[in-house]
Amino acid sequence: MAKFGTIARLKARWHAFMHNEKLKQKLYTIIFESDTPEGKLFDTLLIVFIILSILITMFDTLFVHVRWLMTTMVVLEYLFTVFFTFEYLARLYCSPNPREYALSFFGIIDLLATLPPYLGYFFHGARFMMVLRSFRLIRIFRVFKLFSFLQEGHMLLESLRQSMRKISVFFLFVVIMVISIGTLMFMVEGDQPGTQFTNIPTSIYWAIVTMTTVGYGDITPVTPIGRFLSAVVMLFGYTILAVPTGIVSAQMIRDGRKDHADKMRVCPNCGKRGHLPDAHFCDKCGCDLEDDDGPDKHISENKK
């Protein structure tokens with residue numbers, strides 16, 4: 001009976017702990033919000049621990065034969081692992097929607113950064129995946145109010161997404177080019193004594209390395225025609241590298257002009273500027289922004 005009584009008390013305490021809303025709110029303020037002194041201190045300490053953990057993982061591969069230093073780093077690694085484990089569990093505990101947090105970007109990164117030390121017991125070398133903790137440094141944007149950089153990053157990603165079709169067509173063109181050039185180089189160099197162009201896949205590998213201007217030098221042509229073709233591919237590679245950059249840059253310019261035009265939208269009734277791109281009504285007077293004349297007319301009239 002005493003055993004069942006102990007189990008009942010433990011269940012009651014666990015139930016009370018899991019439904020302690022006051023404790024959850026306090027932890028949420030510290031862990032998820034950086035506007036308070038406690039929250040900013042916690043995030044700063046978290047970033048310091050992440051950096052130290054990454055450095056320990058790197059140094060672990062440098063000082064393999066220094067016994068005392070290795071022991072110190074292993075102890076620190078275990079301490080950091082315990083801290084990050086409790087931190088992840090605390091985030092799940094105080095989150096209003098634990099499932100939503102666990103499936104979010106930060107939730108997945110936090111989990112992946114916590115698992116490697118445990119996976120190291122079953123898979124050799126898995127603990128070196130702790131460098132994934134570097135992704136958690138993204139929180140530094142939240143701590144030091146650098147969200148404007150995140151907005152610029154979002155603009156770049158959006159430009160890449162909108163340019164993906166053009167880049168895909170260009171990439172297909174490059175693939176066709178390297179296959180053709182590699183095959184042509186095999187036809188030119190393949191019959192030479194001691195040639196390094198022993199087959200078409202190897203020749204295609206050479207074409208890729210040469211066209212991207214990497215130039216490992218492990219495979220080189222020896223015939224005059226082969227060297228001439230190699231020089232042409234090198235010069236062609238410089239022009240190819242600039243094309244994707246130009247595509248994305250042009251898209252970013254178009255997006256920037258569109259964003260500027262959206263911000264210049266003027267209410268035809270009160271003249272207020274800076275309405276959101278998806279706004280249909282003025283947030284000051286309630287006037288319809290999508291009238292027959294369109295926003296461009298109001299912009300021009302306002303300039304006059």
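How many salt bridges does the count come to by this rule? I counted two, a salt bridge being a side-chain nitrogen of Lys or Arg within 4 Å of a carboxyl oxygen of Asp or Glu.

I worked on a predicted model, where local features need pLDDT of at least 70, side-chain atom pairs count only at pLDDT 80 or more, and totals for chains, interfaces and linings use all residues. Residues are numbered from 1 along each chain as its sequence is written, and side-chain values use heavy atoms, with hydrogens and water left out.

I looked up Glu 87 and found its side chain in a salt bridge with that of Arg 91 (2.5 Å, N to O). The two are four residues apart in helix α4 (residues 67-94), so about one helical turn separates them; helices are DSSP runs (H or I, at least four residues), numbered from the N terminus. Glu 87 is buried at 4% relative accessible area and Arg 91 at 0%, where buried means under 20%, exposed over 50% and partly exposed in between (1.4 Å probe, protein chains only).

I then checked Asp 110, whose side chain meets that of Arg 91 in a salt bridge (3.9 Å, N to O). Asp 110 lies in helix α6 (residues 105-114) and Arg 91 in α4, so this pair ties together parts 19 residues apart in sequence. Asp 110 is buried too, as is Arg 91. Through shared partners, salt bridges join Glu 87, Arg 91 and Asp 110 into one network.

Last, I looked at Ile 181, which touches Trp 206, Ala 207, Met 211, Leu 229 and Val 233, not counting residues up to four places away in sequence; contact means heavy atoms within 4.5 Å.
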